[in-house]
Amino acid sequence: NTKTKAKIISIASGKGGVGKTSVALKFALTLAKRGYKTLLIDCDYNLSNSYIKLNISNERNLYSFYSGEKSLDECIIKNDNFSLLAGCNGNLDLYKNKLGGELFIINVLGLLENKYDYIFLDSPAGIDKDILALNAYSDDRIIVVTPDKSSMTDSYSLIKILNKNYGVNRNFL
């Protein structure tokens with residue numbers, strides 16, 4: 001019995017504060033309730049909010065695995081078909097060690113993609129190399145946009161750069 005690879009979906013935006021985490025949680029929790037094994041990875045590994053919205057503790061997170069304090073399985077918070085791998089908040093060690101976030105997350109995805117039906121990446125806002133690489137690696141991208149000029153402009157920039165630099169031409173708004 002060979003498990004197929006999870007569909008990886010990035011929830012992204014060029015601008016912060018548009019509801020990416022809420023959208024990512026809604027998709028992941030809805031599919032989990034429908035019987036799919038889902039994982040949400042909060043890729044904002046130093047300003048995580050997913051655990052706050054779920055009203056759970058953030059004692060086990062990506063940094064706990066990165067630093068070797070805990071195994072990857074110990075860091076994943078599980079509830080029936082829904083699982084969360086949270087980022088942390090305000091950890092200066094991430095900056096000192098130059099985490100190389102996109103490669104770290106992609107390696108984590110490689111370890112987990114055969115255990116889930118869907119993996120959602122709650123991507124940080126912006127267009128830095130980590131964010132672009134994670135969005136390009138994803139099977140699909142859902143770009144969250146609000147009816148605000150800066151939200152539309154920044155999201156357009158994200159889509160344009162993903163297309164020009166990574167050949168990504170499939171996004172959902």
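## Close-up views of a predicted model

**View 1. Helix α1 stretches over much of the sheet.** In this predicted model, helix α1 (residues 20-33) lies across β1 (7-12), β2, β4, β5 (118-122) and β6. Compared with the direction of β5, α1 runs at about 170 degrees. Another helix to look for is α7 (residues 129-137), which packs on the sheet and touches β1, β5 and β6. The direction of α7 makes about 140 degrees with that of β1.

**View 2. Six strands line up in an open sheet.** In what order do the strands sit? Follow β3-β4-β2-β5-β1-β6 across the sheet, whose pairing is mixed. At the edges are β3 (77-79) and β6 (140-143), each pairing on one side only. From one strand to the next, the twist averages 20 degrees. As background, the strands of a sheet pair through backbone hydrogen bonds, in either a parallel or an antiparallel way.

**View 3. Two strand pairs run in the parallel sense.** Strand β2 (residues 38-42) pairs with β4 (residues 82-85) in the parallel sense, over 4 bridges. Look for Ile41, whose bridge partner in β4 is Leu85. The strands β1 and β6 also pair in the parallel sense, over 4 bridges. Here Ile11 stands opposite Ile142 of β6.

**View 4. The side chains of β6 point two ways.** Are the residues of this strand buried or exposed? Asp140 and Ile142 point one way from β6, while Arg141 and Ile143 point the other way, and all are buried.

**View 5. Helices α7 and α8 meet at an angle.** Helix α8 (residues 149-166) packs against α7 at an angle of about 70 degrees, and their axes are 10 Å apart. Angles of 65 to 115 degrees count as roughly perpendicular, so that is the word for α7 and α8. From α7, the residues Lys129, Leu132, Ala133, Asn135 and Ala136 meet Leu158, Ile161, Leu162 and Tyr166 of α8. Sorted by type, the residues of this contact are 7 nonpolar, 1 polar and 1 charged.

**View 6. Nonpolar residues gather in a core.** Which residues of the largest nonpolar core touch the most other members? In this core of 19 residues, they are Leu39, Ile41, Leu85, Leu112 and Ile119. At least two residues each come from β2, α4 (72-75), α6 (101-112) and β5. With 5 residues, α6 gives the most to this core. Apart from this core lies another, of 17 residues, including Ala24, Leu40, Phe82 and Ile142. In soluble globular proteins, nonpolar side chains tend to be buried together.

View 7. Leaving out residues up to four places away in sequence, Ile119 touches Ala6, Lys7, Ile8, Ile9, Leu39, Ile41, Leu109, Leu112 and Glu113.

**View 8. Asp80 sits in a loop.** Where is Asp80? You will find this residue in the loop between β3 and β4. Although Asp80 is not a glycine, its phi is positive, at about 55 degrees. Residues over 50% relative accessible area are called exposed, and Asp80, at 76% relative accessibility, therefore counts as exposed.

**View 9. Stepping back to the whole chain.** How many helices and strands does the protein chain have? There are 8 helices and 6 strands, and along the sequence they follow the pattern β-α-β-α-α-α-β-β-α-α-β-α-β-α. Of the 173 residues, 46% count as buried. Among contacts with a separation of 6 or more, 78% join residues 24 or more positions apart.

Key
Residues are numbered from 1 along each chain as its sequence is written. This is a predicted model: local features need pLDDT of at least 70, side-chain atom pairs count only at pLDDT 80 or more; totals for chains, interfaces and linings use all residues. Side-chain values use heavy atoms; hydrogens and water are left out. Two strands pair if DSSP finds at least two bridges between them. Axes are lines fitted to C-alpha atoms, for helices over the stretch in contact, and angles run from 0 to 180 degrees between N-to-C directions. Contact means heavy atoms within 4.5 Å. Buried means under 20% relative accessible area, exposed over 50%, partly exposed in between (1.4 Å probe, protein chains only). Angles under 35 degrees count as roughly parallel, over 145 as roughly antiparallel, 65 to 115 as roughly perpendicular and the rest as oblique. Ala, Val, Leu, Ile, Met, Phe, Trp, Tyr, Cys and Pro count as nonpolar, Asp, Glu, Lys and Arg as charged, and the others, Gly among them, as polar. A nonpolar core is a set of buried Ala, Val, Leu, Ile, Met, Phe, Trp, Tyr and Cys residues joined through side-chain atoms within 4.5 Å.
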